[in-house]
Protein chains: 2
Amino acid sequence: MKKAKKVELDTGLSADDLKNLVDEYKKIVKKHAKKDFPQDPVDQMWGATNAVFGSWMNDRAIKYRQINEIKNVKGTAVNIQSMVFGNFGDDSGTGVCFSRDPSTGINKFYGEYLMNAQGEDVVAGIRTPEKIATLEKKNKKVYDQLVAIKDRLENHFKDMQDLEFTVQQGELFILQTRSGKRAGAAAVKCAVDMVAEKLITKEEAILRVSPDHLDQLLHPMIDPKAFKTAKALTKGLNASPGAACGRIVFTAKDAEEWNAKGEKVVLVRKDTSPEDIGGMVVSEGILTSTGGMTSHAAVVARGMGTPCVAGAKGVSVQGKKVVIGGTSFKEGDWITIDGSTGNVYGEKLSLIVPSISKDMSLFLSWCDEVRDASVRGDITGFKVRTNADQPEDVKRAFDFGADGVGLCRTEHMFFEKEKLIHFRAMILADNIDERKAALKKILPLQKKDFFGIFKAMNGRPVTIRLLDPPLHEFVPHTKAEIAEVAAHLNVSVKDLQPKIDRLHESNPMLGHRGCRLAVTYPEIYDMQVEAIALAAVDCLKKKIPVHPEIMIPIVCDERELAMIRPNSETIIKNVMTKAKVEIPVRIGTMIEVPRAALLADKIAEYADFFSFGTNDLTQMTFAFSRDDVASFMPSYLEKNILEVDPFKSIDEEGVGMLIDIAVKKGRGMKGDFKVGICGEHGGDPQTIDFCYRAGLSYVSCSPFRVPLARLAGAQAVIRNASAKK
Amino acid sequence: MKKAKKVELDTGLSADDLKNLVDEYKKIVKKHAKKDFPQDPVDQMWGATNAVFGSWMNDRAIKYRQINEIKNVKGTAVNIQSMVFGNFGDDSGTGVCFSRDPSTGINKFYGEYLMNAQGEDVVAGIRTPEKIATLEKKNKKVYDQLVAIKDRLENHFKDMQDLEFTVQQGELFILQTRSGKRAGAAAVKCAVDMVAEKLITKEEAILRVSPDHLDQLLHPMIDPKAFKTAKALTKGLNASPGAACGRIVFTAKDAEEWNAKGEKVVLVRKDTSPEDIGGMVVSEGILTSTGGMTSHAAVVARGMGTPCVAGAKGVSVQGKKVVIGGTSFKEGDWITIDGSTGNVYGEKLSLIVPSISKDMSLFLSWCDEVRDASVRGDITGFKVRTNADQPEDVKRAFDFGADGVGLCRTEHMFFEKEKLIHFRAMILADNIDERKAALKKILPLQKKDFFGIFKAMNGRPVTIRLLDPPLHEFVPHTKAEIAEVAAHLNVSVKDLQPKIDRLHESNPMLGHRGCRLAVTYPEIYDMQVEAIALAAVDCLKKKIPVHPEIMIPIVCDERELAMIRPNSETIIKNVMTKAKVEIPVRIGTMIEVPRAALLADKIAEYADFFSFGTNDLTQMTFAFSRDDVASFMPSYLEKNILEVDPFKSIDEEGVGMLIDIAVKKGRGMKGDFKVGICGEHGGDPQTIDFCYRAGLSYVSCSPFRVPLARLAGAQAVIRNASAKK
């Protein structure tokens with residue numbers, strides 16, 4: 001032990017144990033030829049131990065911890081044990097095996113091995129390992145032993161096992177066993193099969209599938225084979241999951257043109273704005289160089305289920321050229337983006353599009369049972385709604401199992417060409433009459449929008465949020481647009497320009513938006529409420545069940561609601577009276593301004609329900625602009641000031657405190673009234689767990705996240721029930 | 001009573017009382033000739049009563065309530081009493097008098113009257129009333145009676161009285177008495193005199209002078225005589241008090257040029273930006289068409305004590321022309337603005353510049369005694385500090401009686417030409433070395449800034465806030481500026497432009513600012529901390545007492561402080577060790593982000609003090625951008641959704657709740673540590689009262705508000721002490 005002084009390791013062993021270990025090791029060494037152990041065995045052991053300790057800080061380990069968000073852990077432990085050798089001749093060997101197929105989940109022994117080899121040889125890929133089935137012929141005794149052990153281990157741990165084994169001169173050693181990592185499809189299949197095999201309960205099955213597994217199954221992904229050669233040029237934020245491959249285009253218009261020619265395109269931009277919607281819809285994927293997880297591009301992409309990599313700092317767009325991680329690309333060049341990892345590849349990669357299985361349907365129905373049966377105090381059930389603005393999105397969410405629409409934004413509806421011109425006329429109107437004239441033209445179009453959504457949800461609750469745009473987003477920007485609006489309004493461009501300028505805001509996120517519009521221009525919400533009531537009446541006439549809810553955004557004081565609510569009720573009553581029907585319409589409010597959370601008891605007096613707009617609530621609580629965080633968020637995460645991007649998973653400490661305050665104050669005033677969440681966080685598993693604990697009645701997320709939320713919600717129910725026990 | 005059925009009034013009288021009253025009235029009428037009462041007497045009474053009730057809603061009354069912020073009152077009461085007549089001949093008359101002079105406060109009977117006239121005749125100004133002294137000759141008995149009554153009333157009410165009287169056929173009737181409205185100078189003189197006369201206590205004297213009175217005495221005002229003909233063209237926000245008169249200029253450069261020629265100018269702009277500072281300094285007043293009470297123009301003007309009318313919607317600037325309330329003006333035309341009322345006049349009006357009296361000094365010293373002696377739990381005293389960035393401002397605040405500097409912003413220091421180029425080089429640097437090189441050049445200049453401020457405060461505490469700019473404010477805008485910076489950095493304009501673009505933010509208020517800069521670029525704060533320590537050492541060497549405090553802005557998580565604080569402490573220690581001195585430097589934090597208030601207990605662990613940045617806290621809590629509220633705030637006030645602009649007086653309900661939470665949590669962690677306020681609210685009397693109740697150790701306000709805050713603070717102490725009793 002001559003070098004022991006130099007090495008300072010806390011092995012956790014007593015001096016005696018350490019001595020025994022070294023002696024044991026020396027005995028093994030003695031059995032063999034000197035050439036097998038050119039190094040001093042003790043040196044070698046210390047060296048290996050040191051290397052394991054050192055591996056904690058190697059690049060791969062650091063990266064792994066980053067990806068898996070493993071933080072605040074102090075280091076790794078090292079187990080020291082005597083070694084067995086798979087390279088002592090042809091009666092020796094080593095292998096890795098799974099008790100079921102980790103790709104498909106099929107209950108079939110799966111694995112690989114190499115004779116006369118050590119573990120490294122199997123993993124390194126220098127020699128091609130053999131299929132485990134062939135071991136039966138080579139050494140039936142060992143094979144049978146191995147099968148018996150894996151069966152016993154799987155039965156013991158009640159989960160699919162990943163085993164490493166070594167055969168040393170005919171004798172089988174199991175080096176380790178652990179629950180096997182598996183692909184999404186395998187996770188669902190294993191879970192469903194094991195329930196059928198009575199190995200685990202439904203609750204256990206639900207905890208076995210991670211939300212990420214489901215996410216994989218709902219989005220295209222890059223063919224794993226492609227990774228062998230493909231190298232990412234840069235990495236941005238994994239803003240909307242799934243992989244996309246297409247030709248680069250730089251404008252929404254180009255996207256539409258290339259798409260019309262039958263080409264697949266990826267829209268590459270600095271950022272996107274609502275006017276890009278047309279181009280975003282036809283793109284396979286979206287790549288932006290700025291913006292965070294809740295930038296316009298990210299939010300819209302997630303809503304549409306379109307893969308998106310956002311805020312990729314290594315991407316620099318200049319005109320119709322883009323430099324990605326140092327390589328230049330032009331319009332029409334192929335790229336592939338992976339919205340699940342944030343990676344960007346400068347080539348065409350093949351994609352895999354998985355399909356939804358019967359197993360998954362069954363599995364999700366168990367999740368629904370668990371959520372529906374959950375009880376927290378007076379609150380029964382924990383629902384999953386969706387954020388969707390268009391009938392086709394609502395339909396998709398319905399198919400994915402959404403219990404209702406938690407957030408139907410009305411501002412996107414106005415970006416349709418037909419409505420946009422009238423909307424622009426409205427916001428640029430000089431007086432109330434001009435504004436009312438423009439709104440009158442929008443009314444029948446809005447009514448049609450709402451009818452389509454009610455129909456798609458077929459009687460499930462639909463929460464429609466009244467207009468909440470930063471007005472300037474709707475302002476015409478280009479010369480052509482300004483000329484068009486001027487012509488429509490019958491004014492000169494020169495007269496129009498100052499009005500447009502007046503709508504500019506320094507901080508639109510904190511500007512003239514939400515119900516503030518209804519305070520200054522009540523006629524806008526009046527029109528929307530009338531359209532909702534008329535659409536509901538139409539549904540009823542066509543025997544379509546309908547359950548409308550109206551939601552007022554950006555409320556900061558109860559007097560806003562005290563003004564807007566009675567006004568809306570009168571409009572609804574007039575429509576219903578005229579149509580001689582009665583459809584209950586609940587009127588609630590968003591809680592997304594810190595003041596609204598703090599004064600939730602007062603606000604609850606005028607609201608039938610709350611829905612937390614956690615994007616805005618996070619923005620205001622942190623004073624973080626979601627469009628601007630990209631400049632400092634990476635440093636905050638890297639330097640461990642924040643453990644996770646608060647736009648991804650809710651900040652339980654701060655934003656969560658406001659939510660808790662609001663739920664308590666709101667329910668304190670109104671008993672068990674409905675409280676939900678409709679921010680982007682509604683689709684995040686960690687946040688869903690928090691929402692369950694906070695007593696929320698439902699979460700609402702984008703259609704593609706609905707299955708994941710159904711699972712995460714059920715997991716929250718089970719986890720928190722067992723945490724209580 | 002034939003018309004009684006038509007009139008529905010709740011007179012508050014019983015049927016019997018009403019009958020008696022009418023009978024009494026009829027008796028009076030009977031005594032006189034029919035021609036004096038052409039109307040039916042009962043009709044007349046009902047008519048008059050109705051008119052009084054109706055007067056509640058006339059334009060003047062509504063305006064009065066708006067100006068005086070009288071809200072949520074249900075209406076007026078009407079006293080019905082029998083009438084006396086001053087127009088029954090030359091032995092009758094009527095008048096209005098004050099027990100002391102309401103303009104100067106001098107203790108001399110003051111008033112006017114008219115013989116054979118009713119009250120209306122005196123007030124209406126058709127006949128010229130006579131001085132009260134002449135009444136002695138006309139009717140000594142009545143005069144002596146009147147003097148005796150006014151003495152008795154003043155002694156009884158212990159305040160200067162405003163009396164209305166009528167003499168009916170030689171008999172004196174007092175119609176009403178009330179505490180007399182008085183000018184600022186009179187208020188102070190009355191208060192000081194009455195203490196000397198032992199009529200009232202010092203505490204009572206303090207409550208007799210309103211903060212607005214003091215404000216009048218510290219700013220020029222429009223000569224009241226000028227109001228007889230002058231008519232305001234439009235009205236904006238009363239953003240910085242005092243009146244200013246000068247020639248219109250439209251750019252900061254023009255302001256400097258006209259000023260250099262010896263002309264007085266008023267800077268008229270859409271809004272101002274930090275680059276306009278030079279022109280703002282030389283202007284008599286500032287008028288902007290956009291922005292609220294805390295827009296750049298308003299904040300800077302208040303800091304400099306320059307009158308400012310902001311957000312005047314009736315003002316429309318186009319190039320070098322401006323339309324004010326429909327009238328066009330060009331460069332060089334005279335205007336007068338009144339920053340105390342928000343009025344804008346299209347002509348040259350004469351101004352009165354009051355001086356500070358000995359009485360005021362004495363009066364304020366009483367205020368200081370009261371504040372210094374106040375006790376709330378463990379906290380003794382309630383201090384007044386100032387927000388000042390330049391030695392001359394600090395000196396002025398010191399002269400006005402400030403107990404220290406509560407907020408020394410460092411960002412304005414960088415706008416000086418000498419520093420700006422290096423600062424721009426710093427924020428546009430490509431790497432840490434370039435950034436450090438630029439900072440090295442700024443260090444000695446910053447040290448000089450801090451030295452000047454320490455010296456001006458002469459040992460009183462000076463809280464220096466480390467850099468908190470929205471970076472983009474410092475970005476070069478014009479071609480010339482960009483070219484200058486490019487040359488300085490030795491790069492091409494083409495290469496510089498993308499870097500400038502990258503600094504653009506969608507919502508700079510929620511962007512890369514405050515301590516976020518220190519997380520991404522620690523070397524900036526390092527330089528500032530070193531400059532502070534070096535300046536403190538220099539002071540000590542020159543025997544100037546020094547008391548520096550460092551304040552970290554925009555903190556939202558304790559880990560920001562946990563990172564910045566030890567770093568700063570090391571730098572300070574190094575400087576002190578090298579200089580072989582020891583100067584304690586406390587390091588505290590702003591509480592201006594809602595999350596910081598919510599998690600104040602955790603943050604207090606790393607802070608020696610808190611200071612509430614209520615501008616930002618109000619912005620985030622309401623989600624109101626102070627630069628954009630002008631588009632909806634007027635509607636919010638008009639429709640009574642908000643009772644007062646929360647950027648003017650603190651919103652006690654919401655923002656105040658966060659302050660209460662933070663004070664409780666902070667003190668819960670640290671005992672009686674120092675908590676102050678340094679937002680613009682620190683100079684608002686209502687807010688000062690709240691701050692006292694909330695347990696704050698001090699308020700900090702702009703130099704010109706310091707005397708007002710000394711008074712308002714003392715009033716808070718007295719009012720809340722008596723409220724407790």
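## Burial and overall build of chain A

Of the 725 residues in chain A, 55% are buried. The model is a predicted one. Chain A has an accessible surface of about 31700 Å², and carbon and sulfur atoms account for 52% of that area. Taken along the principal axes, the C-alpha atoms of the chain fill a box of roughly 100 × 60 × 50 Å.

The secondary structure of chain A consists of 28 helices and 28 strands. Among the contacts in chain A with a separation of 6 or more, 67% are between residues 24 or more positions apart.

## How the two copies are related

Chain B is superposed on chain A by a rotation of 180° with 0.1 Å of shift along the axis, and the RMSD is 0.3 Å. This is the relation of a two-fold axis. B:N507 has the C-alpha nearest the axis in chain B, at 2.2 Å from it.

Which surface do the copies use to meet? Because 98% of the interface residues of chain B are also interface residues in chain A, the copies meet through the same surface.

## A five-stranded sheet in chain A

One open sheet in chain A has five strands in the order β3-β2-β1-β4-β5, with antiparallel pairing. Which strands lie at the edges? They are β3 (130-131) and β5 (171-179) of chain A, each of which pairs on one side only.

Strand β2 of chain A covers residues 110-115 and is joined to β3(A) by two bridges. These two strands run antiparallel. A:Y113 has A:E130 in β3(A) as its bridge partner.

## A buried glycine in a loop

A:G339 sits in the loop between β16 (334-338) and β17 (343-345) of chain A. Is A:G339 buried or exposed? Its relative accessibility is 1%, which is under 20%, so A:G339 counts as buried.

The C-alpha atom of A:G339 is separated by 7.9 Å from that of A:A244, a residue 95 positions away along the chain.

## A nonpolar patch on the surface

A:Y64, A:I70 and A:V73 form a nonpolar patch on the surface of the model. Together the three residues have about 260 Å² of accessible area. A:V73 is placed in the loop between α3 (59-67) and β1 (93-98) of chain A. With a relative accessible area of 43%, A:V73 is partly exposed.

## Salt bridges within the chains

How many salt bridges are there over all chains? The count comes to 92. In one of them, the side chains of A:K320 and A:E331 meet at 3.4 Å, N to O. The pair links distant parts of the chain, eleven residues apart: A:K320 is in the loop between β13 (315-318) and β14 (321-324) of chain A, whereas A:E331 is in the loop between β15 (327-330) and β16 of chain A. A:K320 is partly exposed at 44% relative accessible area, and A:E331 also counts as partly exposed, at 24%.

In chain B, a salt bridge joins the side chains of B:D159 and B:R208 at 3.5 Å, N to O. B:D159 lies in the loop between α6 (140-157) and β4 (161-168) of chain B, while B:R208 belongs to helix α8 (residues 202-208) of chain B, 49 residues apart from B:D159. B:D159 is buried, with a relative accessible area of 6%.

B:R586 and B:E549 form another salt bridge, and their closest N and O atoms are 3.1 Å apart. This pair links two strands that are distant parts of the chain: B:R586 is in β25 (residues 586-591) of chain B and B:E549 in β24 (residues 548-552) of chain B, 37 residues apart. B:R586 counts as partly exposed at 33% relative accessibility, whereas B:E549 is buried at 0% relative accessible area.

Terms used:
Residues numbered from 1 in each chain as written. Chains lettered and ligands numbered in written order. Predicted model: local features only at pLDDT ≥ 70, side-chain atom pairs only at ≥ 80, totals over all residues. Heavy atoms only, no water. Helix = DSSP H or I, 4+ residues; strand = E, 2+ residues; numbered from the N terminus. Buried < 20%, exposed > 50% of the residue type's maximum accessible area, 1.4 Å probe, protein only. Least-squares fit on C-alpha atoms with pLDDT ≥ 70 in both. Contact = heavy atoms within 4.5 Å. Patch = residues over 30% accessible without salt bridge, like charges linked within 9 Å, V, L, I, M, F, W, Y side chains within 5 Å. Areas by Shrake-Rupley, 256 points an atom, 1.4 Å probe, with all protein chains shown as cover. Salt bridge = Lys/Arg side-chain N within 4 Å of Asp/Glu carboxyl O. Pairing = 2+ DSSP bridges.
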